[in-house]
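Subject: Structure handover

Hello,

The structure we discussed is below, with notes on what was found in it. Please keep it open as you read.

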Amino acid sequence: IMVIDQNNRFLAQDRLRYTPTGGITAVKLSKAIDILLKNSEEELSRTDNVKKVGRTTYSKAVLKGSIQIENHQQKAVDITISKSLNGTVSSAEGAKITKLKSYNSINPVNDIKWDIKLAAGEKKKITYQYEVFFIGY
């Protein structure tokens with residue numbers, strides 16, 4: 001998806017994945033090209049054959065994510081970071097977590113939001129951790 005303003009000037013671009021009718025989706029927008037965000041995740045642990053639902057056996061993984069934010073502006077800024085994920089959030093320091101409707105999934109859907117204040121030239125790192133069930137092979 002490409003977003004333009006009323007004067008046909010480019011604002012943002014993102015990949016829009018499938019969203020069912022009545023579902024919720026998000027498009028990444030940013031007008032501040034001098035505020036950088038980098039998101040990474042790593043698997044901390046994995047446990048096989050944790051849960052059985054009907055004939056399906058699920059394994060569980062614990063994931064840790066981090067978001068690095070850098071303000072390259074000459075002024076302080078207030079930003080909101082939103083992260084949507086499937087799984088049970090076990091920690092997200094300073095965040096507001098909203099559990100969303102889950103459409104026949106073993107994992108809950110969560111929206112995590114952080115309101116961050118960054119001084120001019122400041123860098124911050126925020127972390128979160130969650131557990132997710134998946135079909136083990």
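β5 and β8 pair in the antiparallel sense over 10 bridges; strands here are DSSP runs of E, at least two residues long and numbered from the N terminus, and two strands pair if DSSP finds at least two bridges between them. In this pairing, W114 of β8 is the bridge partner of I81.

This is a predicted model, in which local features need pLDDT of at least 70 and side-chain atom pairs count only at pLDDT 80 or more, while totals for chains, interfaces and linings use all residues. Residues are numbered from 1 along each chain as its sequence is written, and side-chain values use heavy atoms, leaving out hydrogens and water.

β8 (residues 109–118) also pairs with β7, again antiparallel, over 6 bridges. There, W114 is the bridge partner of A95, and K113 that of K96. Together the 3 strands form an open antiparallel sheet in the order β5-β8-β7. β5 (77–86) and β7 (95–100) each have a single partner strand, so one side of each lacks a neighbour in the sheet.

E70 lies in strand β4 (residues 56–71).

Regards

Methods:
Helix = DSSP H or I, 4+ residues; strand = E, 2+ residues; numbered from the N terminus.
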